[in-house]
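Subject: Structure handover and findings

Hello,

Here is the structure I said I would pass on.

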Amino acid sequence: MSVVARERNLVAVGRAEDIPPLEGRTVTVAGRRVAVFNTEHGFRATAAFCPHRGGPLADGLVGGQSVICPLHNWRIDLDCGEVVAGGSGRVPVYPVLERDGWLYLDLGG
């Protein structure tokens with residue numbers, strides 16, 4: 001997926017239908033790698049890499065409101081970015097808006 005539009009702090013990153021349920025995809029937005037997930041509770045986005053050893057979070061197992069890093073099984077809460085099992089740490093999270101079939105990230109400021 002790629003950036004297709006910019007509106008205030010919102011950046012379009014692709015179509016919602018491009019991320020199957022319980023999967024993630026990595027996008028690059030304003031020079032940042034971001035993982036976007038289709039969870040049971042809607043779309044969520046975090047920094048793309050696990051704080052432990054940089055595992056690709058978009059390739060992890062998604063369930064409930066968390067993702068499990070595919071490298072060492074650290075579990076990260078997708079609502080707050082906090083590591084909740086396997087270790088400690090946090091990844092940045094970004095609000096996701098779905099509008100007219102498109103996904104937009106709010107990168108702040």
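First, the ground rules. This is a predicted model, in which local features need pLDDT of at least 70 and side-chain atom pairs count only at pLDDT 80 or more, while totals for chains, interfaces and linings use all residues. Residues are numbered from 1 along each chain as its sequence is written, and side-chain values use heavy atoms, with hydrogens and water left out.

Overall chain

The protein chain has zero helices and 12 strands (DSSP runs numbered from the N terminus: H or I of at least four residues for helices, E of at least two for strands). Its pattern along the sequence is therefore β-β-β-β-β-β-β-β-β-β-β-β.

The radius of gyration of the protein chain is 13 Å, which agrees with the value near 13 Å for a compact globule of 109 residues (taken over C-alpha atoms; the globule rule is 2.2 Å times the number of residues to the power 0.38). Along the principal axes, the C-alpha atoms fill a box of roughly 35 × 25 × 20 Å.

Of the 109 residues, 39% are buried (buried is under 20% relative accessible area, exposed is over 50%, and partly exposed is in between, with a 1.4 Å probe and protein chains only). The protein chain exposes about 5700 Å², and carbon and sulfur atoms supply 47% of that area (Shrake-Rupley method with a 1.4 Å probe; for residues, only the protein chains shown count as cover).

Among contacts between residues at least 6 apart in sequence, 38% join residues at least 24 apart (contact means heavy atoms within 4.5 Å). There are 11 positive and 12 negative side chains, and the centres of the two sets lie 7 Å apart (Lys and Arg are positive, Asp and Glu negative, His and the chain ends not counted; the charge is placed at NZ of Lys, CZ of Arg, CG of Asp or CD of Glu).

Cysteines

A search of the whole structure finds zero disulfides (a disulfide is a pair of cysteine sulfur atoms within 2.5 Å). For C69, the closest cysteine sulfur is in C50, at 3.9 Å, too far for a bond. C80 is in no disulfide either, as its nearest cysteine sulfur, that of C50, is 14 Å away. C69 is buried, at 2% relative accessible area, whereas C80 is partly exposed, at 34%.

L103 sits in strand β12 (residues 102–106) and is buried, with a relative accessible area of 0%. Setting aside neighbours within four places in sequence, its contacts include V11, V13, I19, V36, F43 and V96. The C-alpha atoms of L103 and W74, 29 residues apart along the chain, are separated by 26 Å.

G81 is in the loop between β8 (75–77) and β9 (83–85), and it is buried at 0% relative accessibility. Beyond its neighbours within four places in sequence, G81 is in contact with I76, G89, R90, V91 and V93. Its C-alpha atom is 9.4 Å from that of Y94, 13 residues apart along the chain.

S66 belongs to strand β7 (residues 66–68) and is buried, at 10% relative accessible area. Not counting residues up to four places away in sequence, S66 touches L61, R75, I76, D77 and L78.

Regards
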